[in-house]
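Hi everyone, thanks for coming along. Have a look at the picture with me, and we'll walk through a few spots together.

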Amino acid sequence: MHSKRDQSWKALQSDTEAPDGITTYTSRRRRWLRRLRLSASLIVGLGLLICIVIWMLSLFLGNKQALDTLPSEPLAVVNFKTNGVLSEDWLGSLLTFPPGERLMEVDIHKIKDSLESVGQVEKVIIERELPDILSIQIFERTPILRLILEDSVGTQRILLVDAKGEIYKGIDYADETIAPLPYLSPFYRSDGSYRPLMGMERVAELLDLCRSDYPEEYATWKVVVLKHYSGDLKLPGEVVEIKVTENEANIRLIFGANSDFSQQLDRLRHVKEVARGLGDTLLQVDLSMPNSAVARFKSGRDKLY
């Protein structure tokens, strides 16, 4: 007689499983292992967290004790280096150390913050050299322009501008360093402000190129005018104007901020050679147009021939 029970492989497989509501040793063992692994993971994670907290607390609470154990002696020497002009006298006017203060007791973070608050200072690196030497290295801003500011009572003061547009008071500069710098006439915004000075890196490129490749031309540059230069090179028509004094004549030079400065300076040299040949005095040269120059002369001439 044939059995009516389903003899398929699927049916045989289901017959081996435990009926609903009955827990076998295998299922209990599987659940126990899962819980054990989860508990172990939690214990390991908690242990790591506790170790990190203890380590951080030990650094914080044990800092004084750690400093006391280092072979530190009273501060004897301050090594000072700079890439600029700031002097040791200037440094000494800002920093004072209590008599007998040990090297490891010197608050280098406070000193760094104090020095970097000076406008001329861009970056400071301070290191302890055991047993008794403090090393201070200063990176200064390099001025490219001068700026005259006038307060509410009419008192004027001269500040300096670097290639990043930072404005600062100059310290310890020699006259021969500052005197050749052109003055800056900044772009004033709708609220009457001029800070921050945007896009000064591009202006610095023009000044550096002219100073290095056309030194005689650079010597005549007196004022950089940013009236039509917002610093956004994505905008069309951005120009940098230079006011020049040459042979008692005042000349306006207009450079396209988005065009190659080297080509514009080459065209300027050509225009000036033609002007000398004509015996006429230039009043304005617009170099902002691609591959061309528009010149105006004192005689009224507007052509180079």
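Let's begin with helix α5, residues 108-116, where the buried residues are Ile108, Ile111 and Leu115. Looking down the axis of α5, those buried residues fall within an arc of 60°, so they line one face of the helix. If you're new to helices, here is the background: an α-helix has 3.6 residues a turn, so residues three or four places apart point the same way. Now turn to the face of α5 that points away from the buried side: there you'll find the exposed residues His109, Lys110 and Asp113. Do keep in mind that this is a predicted model.

Next, helix α2, which covers residues 25-61 and contains Arg31. Arg31 belongs to a positive surface patch, together with Arg28, Arg30, Arg34, Arg35 and Arg37. Is Arg31 exposed, partly exposed or buried? Its relative accessibility is 33%, so Arg31 counts as partly exposed.

Most residues other than glycine have a negative phi, and most peptide bonds are trans. Yet the peptide bond from Leu130 to Pro131 is cis, with omega near 10°; Pro131 sits in the loop between β2 and β3. Glu248, in the loop between β9 and β10, has a positive phi of about 65°, and this residue is exposed at 81%. Asn291 has a positive phi too, about 55°, in the loop between β11 and β12. With 69% relative accessibility, Asn291 counts as exposed.

Definitions and conventions: Residues are numbered from 1 along each chain as its sequence is written. This is a predicted model: local features need pLDDT of at least 70, side-chain atom pairs count only at pLDDT 80 or more; totals for chains, interfaces and linings use all residues. Side-chain values use heavy atoms; hydrogens and water are left out. Patches are made of residues with over 30% relative accessible area and no salt bridge: like charges are joined within 9 Å, nonpolar side chains (Val, Leu, Ile, Met, Phe, Trp, Tyr) within 5 Å. Accessible areas come from the Shrake-Rupley method with a 1.4 Å probe; for residues, only the protein chains shown count as cover. A salt bridge is a side-chain nitrogen of Lys or Arg within 4 Å of a carboxyl oxygen of Asp or Glu. Lys and Arg count as positive and Asp and Glu as negative; His and the chain ends are not counted. The place of a charge is taken as NZ of Lys, CZ of Arg, CG of Asp or CD of Glu. Helices (H or I, at least four residues) and strands (E, at least two) are DSSP runs, numbered from the N terminus. Buried means under 20% relative accessible area, exposed over 50%, partly exposed in between (1.4 Å probe, protein chains only). The arc is that of the directions from the helix axis to the C-beta atoms.
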